[in-house]
Amino acid sequence: MKTLRVPEATVTRLSIYSRFLERLDRNGITTVSSGEIAEGVGVSPAQVRKDLAYFGEFGTRGVGYNVKDLLKYTLKILGLDQEWALAIVGAGNLGFALCTYRGFNVRGFNIVGVFDKDTERIGKRIGNLVVQPLTQFPETAQKENIRIGVIAVPTSAAQEVADMMVKNGVQAILNFAPVGLNVPDEIEIRNVDLSVKLEVLTFNLGFRAAQSL
């Protein structure tokens with residue numbers, strides 16, 4: 001694999017390509033061209049070839065890509081050729097939705113625990129999981145080798161939860177609280193602010209309307 005720094009946009013598209021390849025594989029399609037991938041996911045053929053070129057040479061000129069092989073390679077590049085133990089802190093509405101989202105298991109993310117400090121939520125069942133007290137996180141993190149944590153708590157509690165995760169071996173955090181978190185440089189963190197995504201949509205709608213005047 002090449003050692004060039006890969007743009008995050010490329011990694012995002014690679015994830016989208018892998019889902020498209022999974023659909024092709026389920027439908028019994030054995031070969032696919034860059035043009036067909038591009039049409040299927042909404043980018044240009046040149047973009048597909050450029051994205052894949054970061055990771056090596058794939059496919060045969062004039063023939064295309066073997067679907068099963070390219071799918072296997074993309075999943076390996078994304079780290080999805082193994083299972084990842086995942087923990088969710090926050091068992092409110094968002095935490096409940098995340099715990100019951102079936103897409104995680106399909107992609108190799110195994111939710112091994114959901115935690116909260118609200119005594120009214122502790123002990124309740126969410127799917128196959130039972131909400132554990134937050135004080136149980138260290139023990140479960142060690143037992144299950146939790147490397148990815150999801151923060152689904154109010155803003156006021158997010159930093160404390162992040163600190164606890166880092167202290168107990170979590171290496172990557174997906175943060176749904178609308179606040180920036182301070183974590184060590186070696187910790188991978190991604191913030192998901194749903195209101196920001198909505199504001200991008202409203203900006204684009206407003207801009208389009210203004211252009212049509």
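Helices (H or I, at least four residues) and strands (E, at least two) are DSSP runs, numbered from the N terminus. The structure on display is a predicted model, in which local features need pLDDT of at least 70 and side-chain atom pairs count only at pLDDT 80 or more, while totals for chains, interfaces and linings use all residues. Residues are numbered from 1 along each chain as its sequence is written, and side-chain values use heavy atoms, with hydrogens and water left out.

**The two domains**

Begin by colouring residues 8-77 as domain 1 and residues 84-195 as domain 2; these bounds come from an automatic or database domain assignment. The centres of domain 1 and domain 2, taken over C-alpha atoms, are separated by 32 Å.

Next, select residues 16-55, which an unreviewed UniProt entry annotates as "DNA-binding region". UniProt positions are given in the numbering used here, feature names are shortened, and annotations may be inferred rather than shown by experiment. The span is 70% helix and 5% strand, and its end C-alpha atoms lie 16 Å apart.

**Ala85 and strand E3**

Move to Ala85, a residue of strand E3. Ala85 counts as buried because its relative accessibility is 15%; buried means under 20% relative accessible area, exposed over 50%, and partly exposed in between (1.4 Å probe, protein chains only). Between Ala85 and Thr31 there are 33 Å in space, C-alpha to C-alpha, and 54 residues in sequence. Leaving aside neighbours within four places in sequence, the residues in contact (heavy atoms within 4.5 Å) with Ala85 include Asn110, Val112, Glu144 and Asn145.

Now extend the selection to the whole of E3, residues 84-89. Six of its six residues are buried, so the strand is largely enclosed by the rest of the structure. Trp84, Leu86 and Ile88 are buried on one side, and Ala85, Ala87 and Val89 on the other.

**The sheet**

Display the strands E7-E4-E3-E8-E9-E10 in that order to see an open sheet of six strands with parallel pairing. Strands E7 (132-133) and E10 (188-191) stand at the edges with a single partner strand each, so one side of each has no neighbour in the sheet. Helix H7 (residues 137-144) packs on the sheet and touches E3, E4 and E7; its direction makes about 165° with that of E4. Axes are lines fitted to C-alpha atoms, for helices over the stretch in contact, and angles run from 0 to 180 degrees between N-to-C directions.

Two strands pair if DSSP finds at least two bridges between them. E3 is joined to E4 (residues 109-116) by six parallel bridges, and Val89 stands opposite Phe115 in E4. Four bridges link E3 in the parallel sense to E8 (residues 148-151), where Val150 is the bridge partner of Ile88. Further along, E9 (residues 172-175) runs parallel to E10 over four bridges, with Ile173 partnered by Ile189.

**Asn145**

Select Asn145 in the loop between H7 and E8. Most residues other than glycine have a negative phi. Asn145 is not a glycine, yet its phi is positive, at about 55°.

**The annotated binding site**

Finish with Gly90, Ala91, Gly92, Asn93, Leu94 and Gly95, which the unreviewed UniProt entry annotates as "binding site". Asn93 belongs to helix H5 (residues 93-99), and Gly95 also lies in helix H5. Which of the two is buried, and which is exposed? Asn93 is exposed, with a relative accessible area of 73%, whereas Gly95 is buried at 0%. Not counting residues up to four places away in sequence, Gly95 touches Ile88, Gly90 and Ala152.
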